[in-house]
Each structure stands twice: as C-alpha cells, then as structure tokens.
Amino acid sequence: MDRKRQLPTFGQLLFPSRCIICRKIIGLSDFICPDCARKLPYVTVHTPVHGDFFEACYAPFYYEEPLRASFLRYKFSGFSHYAKHYGPWMADYLLRERSPDFDLVTWCPISRLRRWKRNYDQSELLAQEIARKLGLPLVPTLRKAHRKPLSRSGGDKAVRAAILLDAYTVLPKAAIKGKRILLVDDIVTTGSTLSECARTLKTAGCGEVVCVTLARKRDE
C-alpha cells in the first residue's frame, strides 16, 4: 500500500513537479532542488531596510539570480503558485528577526487594471500565505490608482516618490486606527512604494508599520 501511495498520478506524469528556481524535474513532494537551495542569494547582513514612513523592512533574499528569474515568472508569467513557497520563506525569516507583534497583515496593491490583466495581485498572494503562517488576519486596506508603471530597474528614489505621491487611498471600511500593521510587498529597491503605502496608512491613523518583502537590493 505504501508503494501504491508513492506512485505518481496521471496528472503528475503529464505535469511533473519542477524546481521553482531552475525548472528541473524534482521529487513529487519537493519544490526546490538541493543545488538551487544552496545557490539562493540569502541575505547575509541582517540589518532591515528603513524608510521614511515605515519602521523596518525585512527580506530573506537579495534580488539577484537565480531567484530573480524565478520571481519574474511568478510576477509576469502566471506562476502564481510560487506564492505558497515564497510566503513561508518570508514569514520564517521575519520570525527569526523579530516578534510578530502585529494586529493584521495587509499588502501594497496593484491597480485594478493591472490585476485584471494579470488575473492576480502578486503581493496579495504573498500576504495570504504570510497571514496564514503567522496566524494573523489578512485585511485589505489600500487601493491603488492606475498610473504609468515605474521602471523595474529602480530609478532615482526622489523621482519614484514623486510619481507615487497620493497613488494610494485607504479603503473606506478598513479599521486601522492604532493598529500595528505588517505590510507585504514583493521586492524592495528604493523603498518608495512601501513608504507611500505606509504614509497613507499612518495618515489614516494606524500605528506602527513594519514591512516584509521577498527580496531586497544589495547595499552598494
């Protein structure tokens, strides 16, 4: 019986498990191969990123290869199931770095048009997994207006901040006054997106805003 349970299903034969990093076929119960697990760009300097309006941002990885290619598939090519692996990585790192003394988990949303085109919000999926792992409520708090997309390469921090100014509004029913919020996004480069979201939340009366992302830019 044990042997039968280990046999792959017809669907697994047609669509075998693949490493989320290199895409090689791997064991049925795995999601990353040992070689890629060793090569991931783990953060080595455990100092959080700080922003103008958020207290700290934690990220388990640097935004470098081989993680970068995997992330781009996740964000732009429909590999939304990667969130169930990325999210626990982020939550586990956060738990190692600080106490999860938050009232709720929320995320930096994409615009409704972009969500419609992509069919999902990559940061929302990460926030779902993190909230589940931490045992915290997941609460939508922000709405983003559709604007010209920012360069993926980062760009000047002041320019990005100016473009994002007032890009977000707090949802009418979001009960955030005095709340300690864990704000989730995918990548932090200049910190402008997180800062604008945190500024919007704090203007509406929330308390502390701490952030977590999958990856960060390596310090120059």
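**A helix and a sheet**

Modeller: Gladly! Let's begin with helix α9, residues 192–203: its twelve residues reach 16 Å from the first C-alpha to the last, close to the 16 Å expected at 1.5 Å a residue. Do keep in mind that this is a predicted model. Is α9 mostly covered or mostly open? Mostly covered, with ten of its twelve residues buried. The buried ones start with S192, T193, L194, S195 and E196, and continue with C197, A198, R199, T200 and L201. An α-helix has 3.6 residues a turn, so residues three or four places apart point the same way. After α9 comes G205, and its phi is positive, near 105 degrees.

Now on to the sheet. Four strands make up an open sheet, ordered β1-β8-β6-β3, and their pairing is parallel. At the edges lie β1 (56–58) and β3 (104–107), each of which pairs on one side only. On average, neighbouring strands of this sheet are turned by 30 degrees against each other, direction ignored.

If you zoom in on β1, you will find three bridges joining this strand to β8, residues 209–212, and the two run parallel. Within that pairing, C57 has C211 in β8 as its bridge partner. Helix α5, residues 83–97, packs on the sheet, where it touches β1, β6 (181–184) and β8. The direction of α5 makes about 130 degrees with that of β1.

Conventions:
Residues are numbered from 1 along each chain as its sequence is written. This is a predicted model: local features need pLDDT of at least 70, side-chain atom pairs count only at pLDDT 80 or more; totals for chains, interfaces and linings use all residues. Side-chain values use heavy atoms; hydrogens and water are left out. The expected span of a helix is 1.5 Å times one less than its number of residues. Buried means under 20% relative accessible area, exposed over 50%, partly exposed in between (1.4 Å probe, protein chains only). Two strands pair if DSSP finds at least two bridges between them. Axes are lines fitted to C-alpha atoms, for helices over the stretch in contact, and angles run from 0 to 180 degrees between N-to-C directions. Contact means heavy atoms within 4.5 Å.
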